[in-house]
Amino acid sequence: MAHHHDHSHAHTHTANKQVLRISFFVIAGFMLVEAVGGWLTNSLALLSDAGHMFSDAFSLGVALWAFKLGEKQTTLQKTFGYKRFEILTAMFNGLSLVLIAAMIFYEAVKRLFYPPEILTGGMLVVSIIGLLVNIGVAVYMLKNGDTEENVNMRGAYLHVISDLFGSIGAIVAAVLMMAYGWQWADTVASVLVAALVGRSGWKLFKQTLHILMEGAPENIHTDELLSVIRNMEGVKSVHDLHVWTITSNIHVLSCHIVVDGDMTVAESEQIAYRIEHELAHHNIGHCTIQIESEQHPHKDEVLCSQEMHEHHHH
């Protein structure tokens, strides 16, 4: 069972890397086209979309890099290997998006007061190609990558999706300017892109911060885990519970369980193994269970409080 799981994990991993690599080159290539197009046609909507695509390409590149680093072996100094790096880069990515959004917004407002001449024809052509490129990449990622589970892939995918909206904004703006001569359409489209970019960045940032703060995984209910441990035959009580995430979908749990003091070590071990087996069904990949008799010196609180530790030192 476990072996099968590892195999499928390795499979999605290499698939993810391949998807990221191809998406990266496509997006980076088109980002240049859009930036040059935006600069030549004087369209901020195009430029902001290019800025967005830059952050896109950046996030794809970084996600790829994080996967590569994550493959490095664990060492005694880094007992979880480099898996954590994925989370750090995702966080950096989220922050960079928020910054890009602020820059676009600033530029857009400035333009309201000094509207430049915009070559709408060129703008329309470039933004339509941009839309097609984004749709292509998004569909490709959905089909071949693990965009549901992996924070890294999900971040990259969300980029491409909001990018897609950016292209739509630029198309609409170009059409409005051609039909009605509404110069402000360019500004509005840019501001909308900025809002999208900022929002996805902020969400990514909050998610990764939660993981770095060792928060309990969002899709795991701690009370369910507790009842699994409590209801295990032979467990009298449980305390000092911690649940946290190392990186996408690698969750860790540690706790102390109290068992009958007259048990043999082998018997109590069996209980711990049964708990581990049960928790594996709840997506906990790694358990550390400390076994104690009723004479243990800890308070019977499920969560450990700081003062408790201080008592030991005296």
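## Cysteines

A search of the whole structure finds zero disulfides, a disulfide being counted as a pair of cysteine sulfur atoms within 2.5 Å. The structure is a predicted model, in which local features need pLDDT of at least 70 and side-chain atom pairs count only at pLDDT 80 or more, whereas totals for chains, interfaces and linings use all residues. Residues are numbered from 1 along each chain as its sequence is written, and side-chain values use heavy atoms, with hydrogens and water left out.

In general terms, a disulfide is a covalent bond between the sulfur atoms of two cysteines. The cysteine sulfur closest to that of Cys 255 belongs to Cys 287, and at 7.4 Å it is too far away for a bond. Cys 287 is accordingly in no disulfide. Cys 255 is buried, with a relative accessible area of 2%; buried means under 20% relative accessible area, exposed means over 50%, and partly exposed lies in between (1.4 Å probe, protein chains only). Cys 287 is buried as well, at 15%.

## Overall architecture

The secondary structure of the protein chain comes to nine helices and three strands. These elements are DSSP runs numbered from the N terminus, with helices (H or I) of at least four residues and strands (E) of at least two. Along the sequence, the pattern reads α-α-α-α-α-α-α-β-β-α-β-α. Of the 314 residues of the chain, 46% count as buried.

## Annotated transmembrane regions

An unreviewed UniProt entry carries the annotation "transmembrane region" for residues 20–40, 46–67, 87–106, 118–142 and 163–182. The UniProt positions are given in the numbering used here, feature names are shortened, and annotations may be inferred rather than shown by experiment.

Residues 20–40 are 100% helix and 0% strand in the model, and the end C-alpha atoms of this span lie 30 Å apart. For residues 163–182 the figures are 90% helix and 0% strand, with end C-alpha atoms 23 Å apart.

Val 33 is found in helix H1 (residues 2–41). With 42% relative accessibility, Val 33 counts as partly exposed. Val 33 and Ala 50 are 17 residues apart in sequence, and their C-alpha atoms are 8.4 Å apart in space.

## Helix H6

Helix H6 covers residues 184–212, which makes 29 residues. The expected span of a helix is 1.5 Å times one less than its number of residues. For H6 this gives 42 Å, and the end C-alpha atoms are 42 Å apart, so the two values agree. Just after H6, Glu 214 takes a positive phi of about 60 degrees.

## Nonpolar surface patch

A nonpolar patch on the surface is formed by Phe 105, Val 109, Leu 112, Phe 113, Tyr 114, Tyr 180, Trp 182, Trp 184, Val 188 and Leu 192, with about 1100 Å² of accessible area together. Helix H3 (84–113) and H6 are the elements that give two or more residues to this patch. H3 gives the most, with four residues. Patches are made of residues with over 30% relative accessible area and no salt bridge; like charges are joined within 9 Å, and nonpolar side chains (Val, Leu, Ile, Met, Phe, Trp, Tyr) within 5 Å. The accessible areas come from the Shrake-Rupley method with a 1.4 Å probe, and for residues only the protein chains shown count as cover.

Val 109, one of the patch residues, lies in helix H3. At 34% relative accessibility, Val 109 is classed as partly exposed.

## Salt bridges

Side chains of opposite charge can pair when their charged atoms come close. Three salt bridges are found in a search of the whole structure, each defined as a side-chain nitrogen of Lys or Arg within 4 Å of a carboxyl oxygen of Asp or Glu. Within helix H3, Glu 107 and Lys 110 are three residues apart, about one turn of the helix, and their side chains meet in a salt bridge (3.2 Å, N to O). Glu 107 is partly exposed at 31% relative accessibility, and Lys 110 is partly exposed at 37%.

Arg 111 forms a salt bridge with Asp 186, with the closest N and O atoms 2.9 Å apart. Because Arg 111 lies in helix H3 and Asp 186 in helix H6, this pair ties together parts that are 75 residues apart in sequence. Both Arg 111 and Asp 186 are buried. A further salt bridge joins Glu 294 to Lys 236, the closest N and O atoms being 2.9 Å apart. That pair links distant parts of the chain, 58 residues apart: Glu 294 is in the loop between strand S3 (286–292) and helix H9 (306–313), and Lys 236 is in the loop between helix H7 (222–230) and strand S1 (237–247). Glu 294 is partly exposed, with a relative accessible area of 40%.
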